[in-house]
Every structure is written in structure tokens, then in C-alpha cells.
Amino acid sequence: MIKRSRLRPLRTLGHRVTKRIWRLGAGARFFGLTLISSGESFRRFHLIIREVYFTGVLSLIIILVSAFFVGMVLALQGYNTLQRYGSSEAIGVLVALALVRELGPVVTALLFAGRAGTAITAEIGLMKATEQLSAMEMMAVNPISRVIAPRFWAGVIAMPILATIFSMVGILGGYLVAVPLIGVDAGAFWSQMQANVDWRLDIVNGVIKSLVFGVACTMIALFEGYDAPPTAEGVSSATTRTVVTSSLTVLILDFVLTSFMISV
Amino acid sequence: MERTTIDLWVGIFVALGVAALLGLAMKVGNLTTSKLGPTYTVIANFENIGGLKPRAPVKSAGVVVGRVGKIKFDTETYEAVISLNIDKRYSFPKDTFANIYTAGLLGEQYVGLEVGGDEAKLKNGDKITHTQDAIVLEKMISQFLFNKASENKDDVSSTKASTKSADDGLTANPLDQINNKGKGAAAPK
Amino acid sequence: MTQNIVEIDNLSFGYKGRMLHQGINMVFPRGKIVAIMGGSGSGKTTLLRLIGGQIKPNKGKVRVDGQVVHQQSREGIYLLRRKMGMLFQHGALFTDLSVFENVAFPIREHTDLPESMIHDLVLMKLNAVGLRGAHKLMPAELSGGMARRVALARAIALDPDIVMYDEPFAGLDPISMGVICVLIRTLNDALGTTSIIVSHDVKETFSIADYVYFVADGVVAAEGTPKDLQNSSLPFVHQFVHGEKDGPVPFHYAAGDYKRDLLGFEA
């Protein structure tokens with residue numbers, strides 16, 4: 001008896017690990033299914049447009065506001081440090097590189113997971129709980145191609161757009177703090193930025209990052225919703241898992257992508 | 001919600017995204033400033049490139065005329081082989097000098113082209129034979145100290161003379177290297 | 001054309017260690033209303049899912065219109081499903097679409113009819129369930145009974161050969177229940193469809209069904225016309241039809257000794 005209870009933590013651990021791996025496999029299968037069922041959503045593009053409205057346009061306000069403030073804080077903090085070394089003109093470079101390379105894609109993805117990801121999970125979870133997905137199946141309509149795939153592609157389209165808007169608005173916020181407020185020379189602000197921000201290595205890489213994050217966040221949100229137990233509790237814990245899993249995935253993926261991009 | 005309203009909003013959304021990307025490209029990034037037209041590539045060998053990186057600017061008379069392409073290491077001559085992508089609008093004589101300079105005391109390194117007097121122009125795939133290595137600060141200091149030490153041995157006590165020869169050491173040595181390189185590169189091939 | 005549109009042949013289904021059905025045989029003749037009755041958890045709804053091909057049986061066959069459902073490819077199952085309409089327990093209306101769009105959904109998905117024709121078709125179907133005036137409402141604005149009628153209109157939108165009703169009476173007030181009863185009967189006769197009703201509401205089901213199957217312990221425990229079953233002497237059927245507390249279906253879930261459970265708490 002004693003032996004058994006001592007082994008229990010080990011067994012729980014093993015159980016958890018196998019469950020994670022099982023879910024990973026199920027998620028990958030779901031991802032594959034979504035990809036092969038995507039044909040119809042491109043033939044009926046208005047399905048995707050509708051979802052871009054819900055995931056992208058409705059996330060716009062939160063993206064705009066947070067980008068603006070993130071840019072302003074960056075400029076304040078950056079100026080504080082840079083002026084000690086007498087290079088406060090480099091503030092434009094600092095703000096732009098930080099936003100375009102990292103904060104734009106990453107913060108957008110985190111906000112997206114909280115705003116759009118949870119909405120997607122809850123919606124799909126409830127559709128499943130109220131048998132709407134079953135009903136669709138019985139009407140000989142594939143819910144993956146009719147419900148999942150359009151939302152997936154909408155997320156993949158919306159994320160880079162949101163991230164790009166985030167970076168640009170953040171830079172404008174940084175400009176407002178640096179130039180009119182602190183009094184850095186506007187010419188130096190922009191020209192230093194242009195001299196040091198590379199189109200291919202910084203801006204395009206940032207967009208690539210946000211595309212990958214778009215795939216990851218949307219897929220996680222959809223899978224959690226689709227996989228949620230059809231109860232109120234199941235849907236609510238799935239929504240929580242969406243935020244946790246997407247955030248962790250985004251941060252880990254960010255490291256992996258950055259290390260690839262820097263070594264190339 | 002009406003489909004047309006949704007379409008309108010999504011249209012605005014996408015337009016905003018495109019505008020932001022254009023803003024990043026034009027105002028923030030170097031897409032406009034560093035945009036090179038079609039380029040031709042010339043090769044230059046250096047014994048030491050210091051901290052030169054790919055995509056570093058290639059300047060002549062202070063104007064950016066190209067970018068550093070690939071940086072390779074030649075296992076036979078033990079030299080760095082650098083390809084320079086130069087804008088087709090600019091052509092340079094065959095005997096152009098390629099130097100590695102540092103912007104400011106600790107800034108980034110770039111390749112400077114100093115124009116020679118040859119009639120023939122550099123073409124795609126040509127090799128610049130006259131090169132000058134990056135100045136490595138530690139090397140310079142150790143040379144300076146070495147020269148000073150050897151002068152003291154020779155009992156040259158005049159401070160004026162010692163500073164003078166130290167100056168010579170600083171400037172003369174790199175020139176020697178260039179001359180050697182010029183011979184070396186001309187002889188084998 | 002076979003006389004029975006749906007045939008269930010020696011069907012077994014279950015999950016690991018727990019068999020839900022153990023050799024069920026049923027036939028559903030064309031144009032009839034056939035009810036499947038049984039207690040909660042006896043696998044009635046699962047039978048509908050087996051007919052619809054959403055799950056595969058462990059043993060045995062389900063034939064719809066002469067074709068074995070689980071041997072079909074995905075496309076084949078989808079083709080079969082176009083002959084079926086299903087009314088889900090709580091309607092399962094698409095909450096993000098209006099009543100009109102809900103009924104139009106299967107038509108839009110499976111046909112290329114012009115918008116004017118879709119409009120007329122949808123209003124006809126809604127009129128049949130008496131809700132033409134509600135076509136602009138959203139599902140959230142409907143009462144339970146209305147939602148179920150809209151779902152019925154959606155189920156018959158493509159004039160299916162078979163309509164399956166999953167607990168059509170559950171959770172409705174008596175008036176709505178009566179309305180649904182009449183609707184099932186009239187739609188069945190007017191459209192010439194076959195109706196399969198899964199229910200545990202004895203009175204309503206008996207009032208409209210032509211034939212009734214009783215499912216218990218994974219097998220068909222009894223079958224017959226409502227009249228036969230009403231007077232059945234089988235203990236289970238008797239208990240079920242008359243709603244008695246104890247009988248072959250025990251009041252208590254299988255448990256250990258009561259006294260020991262209470263006294264042995266601290267162990």
C-alpha cells in the first residue's frame with residue numbers, strides 16, 4: 001500500500017506527459033485536416049472576410065492603443081539610458097528596431113491570443129456544446145471546411161496586418177515622445193532610423209514572425225475550442241488554456257525564430 | 001451584421017495594414033535609401049577584415065556605391081575573400097584601392113574605394129588587387145610599443161626622434177603590406 | 001426500391017469495456033413514424049448518430065436506402081445525409097445566423113439556386129412551421145418551442161426522405177409540445193417522409209407514432225404499435241409506460257451494502 005502511494009506522483013507525471021503528447025498529436029492531425037479542407041473557404045472568400053472582421057477589425061482598437069503606449073514608453077526609457085552616453089539621437093533606431101523586430105509581432109500575438117483567440121475558442125466550444133457542429137455534419141456540411149478553415153485563414157491574414165500596424169503606430173508614439181516632448185531632432189530621429197533598420201532583415205523578418213504567430217495562435221484557439229468538453233466548465237477551461245498555451249508558444253517560437261534569423 | 005458593412009471594415013483594415021507596411025518601408029526602413037539598382041560584383045582579398053560584416057556599405061568619396069556581399073575564407077592563401085556588389089551606375093578604374101575603414105573610432109566598418117588612374121574599368125567578376133586591411137587597434141598599439149622599445153635599445157635618446165620614428169612605424173607598416181600584397185597577387189596567376 | 005428505408009441489422013456499438021448496444025434489429029418502413037423509446041442513457045441518440053454515419057458500429061450493419069452506412073466513403077456518407085434531416089434536442093440553430101439564414105443554410109450549401117428562389121423556399125418552410133413572421137429574428141430571441149420549430153424547418157429545407165427527431169418534446173411547455181406533435185404528423189404525411197423519433201415522453205410519442213421500439217440493456221426489449229405496448233404485460237414496458245418508480249429498472253444505482261458504507265466511513 002505504501003509503495004503504491006509513493007509511486008503515485010510518478011504515475012501522475014507519466015499520465016500528464018502522455019496526455020500532452022497525445023494532444024500534440026491530435027492538434028497536428030487537426031492542423032492537417034484544416035489545411036486539406038481549406039479549398040472551399042478560398043472558393044467562398046466572403047467566409048474568410050467575415051472572420052477577418054471578427055478577429056482582425058475588432059482587435060484593432062486594443063492594438064492601436066497598446067501600440068501607442070508601448071512606443072511612448074520605449075522612447076522615454078530609451079532616452080533615459082541613451083542620453084547618458086550622449087547618443088540620444090539613436091532613440092529612433094532603438095524604438096524602431098525594438099518594435100519591428102520583437103515587440104510588434106510578440107505583443108500583437110499576445111494581445112491577439114487574449115482578444116481574438118479566446119473569442120474563437122469560446123465560440124467553437126459553444127457551437128460544439130450546443131450541437132451546432134453535429135448539426136452541420138448531419139446536413140452533410142463539413143464543419144472543418146465551413147467553420148474551422150475560414151477562421152484559421154482569417155487569423156493568419158489578420159495577424160501580420162495587426163503586427164505591422166502595431167509597429168508603425170508604436171514608432172509614431174515613440175516619435176511623439178522623442179521629438180516634440182523631449183526635443184530630439186526630428187531629422188536625426190528619422191535618418192538614424194533609416195540608416196539602421198533594414199527592410200529585409202528587420203521589417204520582413206518581423207512580418208514573417210507575425211505570420212508564424214498567426215498560424216500558431218489561431219490554430220491553438222481553434223483546436224482548444226474544437227477539443228473542449230461540451231460543458232460550461234469545459235469551454236471555460238479551454239478558453240484559459242488557449243491564452244496560456246498561445247502565450248507560451250509565441251514566446252518559445254519567438255526565441256527559435258530569432259535565433260534562426262540572426263544566424264542566417 | 002450586413003455583409004457590405006463587414007466588407008467595408010475589412011477593406012479599411014487591410015488598407016491600414018498596407019499603409020503601415022508602406023510607412024515602415026519608406027519612413028522607417030532603408031528600402032528607399034539603400035536601394036541599389038542592378039549591381040556588378042568584384043572580388044577583393046584581405047589579410048584581415050577586422051569586424052567587417054556582410055551588407056556593410058561600400059563607399060567612394062563618402063557616397064554609398066554598393067554593399068559587401070559574401071565573405072569567405074580562402075584555405076590556400078589564408079586570406080579573406082570578399083565580394084563587393086557595386087551599383088552598375090558607377091564604374092571604377094582597374095587599379096582602384098579597396099580599404100577597410102572604421103566609421104568613427106568605434107563605429108561599424110565599411111569598405112572605402114580610392115580611385116586609381118587606369119583607363120580600363122572594373123568589370124563583373126574582376127579582382128581588386130590593391131587592398132588595405134582593417135586597422136586593428138591592438139596591433140597598432142603593440143607595434144608602437146615595439147618600435148619604441150627597439151629605439152631605446154639603439155640608444156636614441158631624443159624624444160623628438162623617437163616620436164617621429166614611431167609615427168613612421170604607424171604609417172609605413174600598412175603601406176608595406178599593400179606593396180607586398182600587390183606583388184603577391186600579381187605574381188602567381 | 002426497398003420497402004424499408006432504414007434497416008438496422010444485428011447492430012453492436014460501445015466504448016471500451018461498456019457495450020451500449022448488443023445486437024439490435026430494427027426496420028423503418030417508408031412513410032411511417034417510428035419511435036425509439038427507452039430510459040436515459042440507453043443509447044437512443046447514439047442510434048441516430050449511427051444511422052447518420054457520425055460513428056461506426058463495432059458489429060452489424062445500418063442500411064439506409066439499401067446502402068450500408070459505415071462502408072461508405074466520406075463523400076458517400078455526405079450523399080446519404082442529403083436524404084436525411086435531423087432535429088437536434090435543443091434545435092442546434094446557428095447562433096450567429098438569423099432564422100432566415102438558418103433555414104437557408106442547407107439550401108445555400110448544397111444548391112446553386114438564385115437568391116429569389118432561396119427566399120421563396122425558406123419562407124415556405126417557415127410558413128409550414130408557422131414562423132414566417134419570425135424570419136428576421138436571431139436564435140437568441142426565440143423561445144425553446146419556436147427554436148425547435150425553426151430547426152424543424154431547417155431539417156426539412158431540402159425535402160429529405162428521412163427526418164430524425166432527437167427528443168423533440170424534451171423541455172417544452174404543453175402547448176409547444178402539442179404543436180410539435182401536430183407538425184411531425186402533418187409534415188410526415190404531407191411530404192411522404194419517414195420519421196424516426198427518439199423520445200422518452202410516452203404520451204406524446206404514442207399519440208403520433210405508427211410503431212414503437214423499446215430499447216433497454218442494449219437490446220430491443222419490446223416492439224409494437226402504441227396500442228399493443230400500452231397494454232403490454234412485460235414488466236419493463238409496463239414500468240416505463242406507466243412511470244412507476246421501482247420495477248425491473250431499480251430505483252437505486254448498484255451499490256454496496258448500505259450499512260457498511262455508512263459505518264465504514266472513517267476507514
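Predicted model: local features only at pLDDT ≥ 70, side-chain atom pairs only at ≥ 80, totals over all residues.
Helix 6 of chain C runs over residues 174-191. It holds 18 residues. From first C-alpha to last it reaches 25 Å, close to the 26 Å expected at 1.5 Å a residue.

Now look at its two sides. Ile180(C), Leu183(C), Ile184(C), Leu187(C) and Asn188(C) are buried. They cover an arc of only 115° around the axis, which puts them on the same side of helix 6 of chain C. The spacing follows a general rule. An α-helix has 3.6 residues a turn, so residues three or four places apart point the same way. On the other side of helix 6 of chain C the exposed residues are Pro174(C), Ile175(C), Val182(C), Thr186(C), Asp189(C) and Ala190(C).

What covers the buried residues? The cover includes both helices and strands of chain C. Among the helices are helix 4 (115-128), helix 5 (144-155) and helix 7 (202-208). Among the strands are strand 3 (33-37), strand 7 (162-166) and strand 8 (194-199).

Read along the sequence, the pattern is α-α-α-α-α-α-α-α-α-α. The C-alpha trace of chain A spans about 65 × 60 × 35 Å along its principal axes. Of the 264 residues in chain A, 50% are buried. Sequence separation tells how the chain meets itself. Among contacts in chain A with a separation of 6 or more, 87% join residues 24 or more positions apart.

Chain B is divided into three parts: domain 1 (1-33), domain 2 (39-132) and domain 3 (137-186). The C-alpha centres of domain 1 and domain 2 of chain B lie 39 Å apart.

How do the chains meet? There are 2 pairs of chains that touch, and the most contacts are between chains A and B. There, 20 residues of chain B are in contact with 25 residues of chain A. The side of chain B that touches chain A has 12 nonpolar, 5 polar and 3 charged residues. Chain B and chain C are another matter. No contact joins them. Their closest C-alpha atoms lie 10 Å apart.

How values were computed: Residues numbered from 1 in each chain as written. Chains lettered and ligands numbered in written order. Helix = DSSP H or I, 4+ residues; strand = E, 2+ residues; numbered from the N terminus. Expected span 1.5 Å × (residues − 1). Buried ≥ 20, exposed ≤ 12 C-beta atoms within 10 Å, placed from the backbone. Arc of directions from axis to C-beta. Contact = placed C-beta atoms within 7 Å. Nonpolar A, V, L, I, M, F, W, Y, C, P; charged D, E, K, R; others polar. Domains from an automatic or database assignment.
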